[in-house]
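Have the structure open as you read.

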Amino acid sequence: MRGLTRAAKRAGEMAFNAGGGAVNWFPGHMAAASRAIRDRLKLADLVIEVRDARIPLSSANEDLQPVLAAKRRILALNKKDLANPNVMNRWLNHFKSCKQDCISINAHSSSSVNQLLGLAELKLKEAISKEPTLLIMVVGVPNVGKSALINSIHRIATTRFPVHDKNKRATVGPLPGVTQDIAGYKIASQPSIYVLDTPGVLVPSIPDMETGLKLALTGAVKDSAVGEERIAKYLLSLLNIRKTPLHWKRLVHRRDELHEETCSRNENDSRDSLRRRRCLNNAVALYVQDLVTEVQRTLCSTCLEFAGNTEEESELESLIDMQLTALRKVFRIPHKPFDETHGPTSKKLLTLFRSGKLGPFILDDLPDEQ
């Protein structure tokens, strides 16, 4: 496992990163928001720090950790549906061993958010008996799902508690940094409990390119700041270093067998065949699954056919270029003369990864496995 970790670190140091230009990781409005958060943290009775379950360490705001560690705090690892569940259990055990309350959640699931609220109430039990008004603060880097969590908490709380204030919900958007003003929501009475939503605050200086690229890959940094092709190459480098495409061989083969069985049942009936083709054309879910299978098949076959040594950086980059070229055909992106860039291909590949279509992943390694 340590060898895998060392190899994974190579991905952030490859030549395509050095040649991609400097990255401005930290937008100006976040610096002002960071100062406001520090002031309000002094008043918070409980802090819910939301992190991306795929990067439990890289999505931490290191600049605020000393302040957060001194507060009642819950780590909420959001987007658990996109994370490998077996590895996630080990992460939960890791945080438990560090005496840190931690829960994996899906911010869009009422049952999941209810579990988080139960833990928050347990953490606040002592304070509830002493204070007439309590403040819960939600913090985290951009695009980890803070606003979605706030909306779910507000929706659940209005049915659970006698709250009469009709507060506006937090703005939710797909782009990092969309919530730029700190907003408060009253979620309970007797005692009054307020939840403050805060804009995501990324650390002013990301310690290394590896951390920055993980944040970019999971959507915490805007693609335009890093470049979609650079992010896609980083993703492919990780997949190849971890030998993930080779693990897809059996999965792709199983899907092919199911496809052949379906075709053989219908091959003697042209009407059924025509009906099936129409279903494939009209059913978005089937189309996406077929596309995912073809992407996995292509990445697997290029790995098997590649004769180079992927331990060598230059040869790994050659494999990645081969894969992006092959994926261009899979995505049916027309080739333009004298254009060797892979922007449209990279965008489609990143969309599949971020939506979980390529499978559940956790990109960070456990500290004891480094």
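## Two packed helices

Helix 10 crosses helix 14 in a right-handed manner. A crossing is right-handed if the near helix is turned clockwise from the far one by less than a right angle, and left-handed if anticlockwise. Helices here are DSSP runs (H or I, at least four residues) and strands are E runs of at least two, numbered from the N terminus. On the helix 10 side, the contact uses Lys 233, Leu 236, Ser 237, Asn 240 and Ile 241. On the helix 14 side, it uses Leu 316, Leu 319, Ile 320, Asp 321, Gln 323 and Leu 324. Contact means heavy atoms within 4.5 Å.

Helix 10 spans residues 228–241 and helix 14 spans residues 313–330. Their axes are 10 Å apart, at an angle of about 115°. The axes are lines fitted to C-alpha atoms over the stretch in contact, and angles run from 0 to 180 degrees between N-to-C directions. The two helices are therefore roughly perpendicular (65 to 115 degrees; under 35 is roughly parallel, over 145 roughly antiparallel, the rest oblique).

## Basis of the model

The model is predicted: local features need pLDDT of at least 70, side-chain atom pairs count only at pLDDT 80 or more, and totals for chains, interfaces and linings use all residues. Residues are numbered from 1 along each chain as its sequence is written, and side-chain values use heavy atoms, with hydrogens and water left out.

## A buried isoleucine

Ile 231 is part of helix 10. Its relative accessible area is 0%, so Ile 231 is buried (under 20%; exposed is over 50%, partly exposed in between, with a 1.4 Å probe and protein chains only). Setting aside neighbours within four places in sequence, Ile 231 touches Ala 216, Leu 217, Asp 223, Val 226, Leu 350 and Arg 354. Leu 213 is 18 residues from Ile 231 in sequence, yet their C-alpha atoms are 6.6 Å apart.

## Helix 15

The buried residues of helix 15 are Thr 345, Ser 346, Leu 349, Leu 350, Leu 352 and Phe 353. They cover an arc of only 160° around the axis, so they sit on the same side of helix 15. The arc is taken from the directions from the helix axis to the C-beta atoms. Just after helix 15, Gly 356 has a positive phi of about 85°.

Most residues other than glycine have a negative phi. Lys 79 has a phi near 65°. Lys 79 is buried, at 18% relative accessible area. Lys 99 has a phi near 60°. Lys 99 is exposed, at 77%.
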